[in-house]
Amino acid sequence: DIVTELKEAWGVSDAPVAQVQAQAADSENSGEAKEEKKDFELKLNEFPADKKAKVIKAIKSINASLGLGEIMGLVKDLPASLGTFPKDDANKHKAALEAEGAKVSLV
């Protein structure tokens, strides 16, 4: 059959155009999904009451631009965002807070 020969010669399939476009879009999106996140939001979820002063001190060392009043407001309304940091810094800050007994997450 000439139709079959032409399809084979030109590399054409019987698949509908919309299906081919969807497959192309999926392959493009899969490339974006593999891209690694660079910045993480550091969230303070909770901490033991007896460690409050140490946690406040750790927050001050993470973000020196925050005043004591701002930090006190953050620790009262948990969970609280402590800022967005590059991956390495976020992990370092998380470890510092966890060393003081705080429960922290990276978002």
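1. A salt bridge here means a side-chain nitrogen of Lys or Arg within 4 Å of a carboxyl oxygen of Asp or Glu. With that cut-off, a search of the whole structure turns up one salt bridge. It is between the side chains of Glu 98 and Lys 94, at 3.8 Å from N to O. The two residues sit four apart in helix H5 (residues 87-99), so about one helical turn separates them. Glu 98 is partly exposed at 39% relative accessibility, and Lys 94 is partly exposed too, at 24%. (Buried is under 20% relative accessible area, exposed is over 50%, and partly exposed is in between, with a 1.4 Å probe and protein chains only.)

2. Before going on, a word on the source: this is a predicted model, where local features need pLDDT of at least 70, side-chain atom pairs count only at pLDDT 80 or more, and totals for chains, interfaces and linings use all residues. Residues are numbered from 1 along each chain as its sequence is written, and side-chain values use heavy atoms, with hydrogens and water left out.

3. On to the sheet: it is open, with three strands in the order S2-S1-S3 and antiparallel pairing. Strands S2 (80-86) and S3 (103-106) are the edges, each pairing on one side only. On average, neighbouring strands are turned by 25° against each other, direction ignored; the axes are lines fitted to C-alpha atoms, and angles run from 0 to 180 degrees between N-to-C directions. (Helices, H or I with at least four residues, and strands, E with at least two, are DSSP runs numbered from the N terminus; two strands pair if DSSP finds at least two bridges between them.)

4. Looking at the pairings, S1 (residues 39-46) and S3 run antiparallel and are joined by four bridges, while S1 and S2 pair in the antiparallel sense over six bridges. Leu 44 is a handy landmark: its bridge partner in S3 is Val 104, and in S2 it is Ala 80.

5. Leu 44 also turns up in the largest nonpolar core, which has 20 residues; Leu 42, Leu 44, Val 55, Ile 59, Leu 82, Leu 97 and Ala 102 touch the most other members. S1, helix H3 (52-62), helix H4 (68-76), S2 and H5 each put in at least two residues, and H3 gives the largest share, five. (A nonpolar core is a set of buried Ala, Val, Leu, Ile, Met, Phe, Trp, Tyr and Cys residues joined through side-chain atoms within 4.5 Å.)

6. Val 3, which lies in H1 (residues 2-10), is partly exposed at 45% relative accessible area. Ile 2, Val 3, Leu 6, Trp 10 and Val 12 make a nonpolar surface patch of about 530 Å². (Patch residues have over 30% relative accessible area and no salt bridge, with nonpolar side chains joined within 5 Å; areas come from the Shrake-Rupley method with a 1.4 Å probe.)

7. Two backbone details to check. Leu 78 and Pro 79 are joined by a cis peptide bond, with omega about 0°, and Pro 79 is in the loop between H4 and S2.

Methods:
Patches are made of residues with over 30% relative accessible area and no salt bridge: like charges are joined within 9 Å, nonpolar side chains (Val, Leu, Ile, Met, Phe, Trp, Tyr) within 5 Å.
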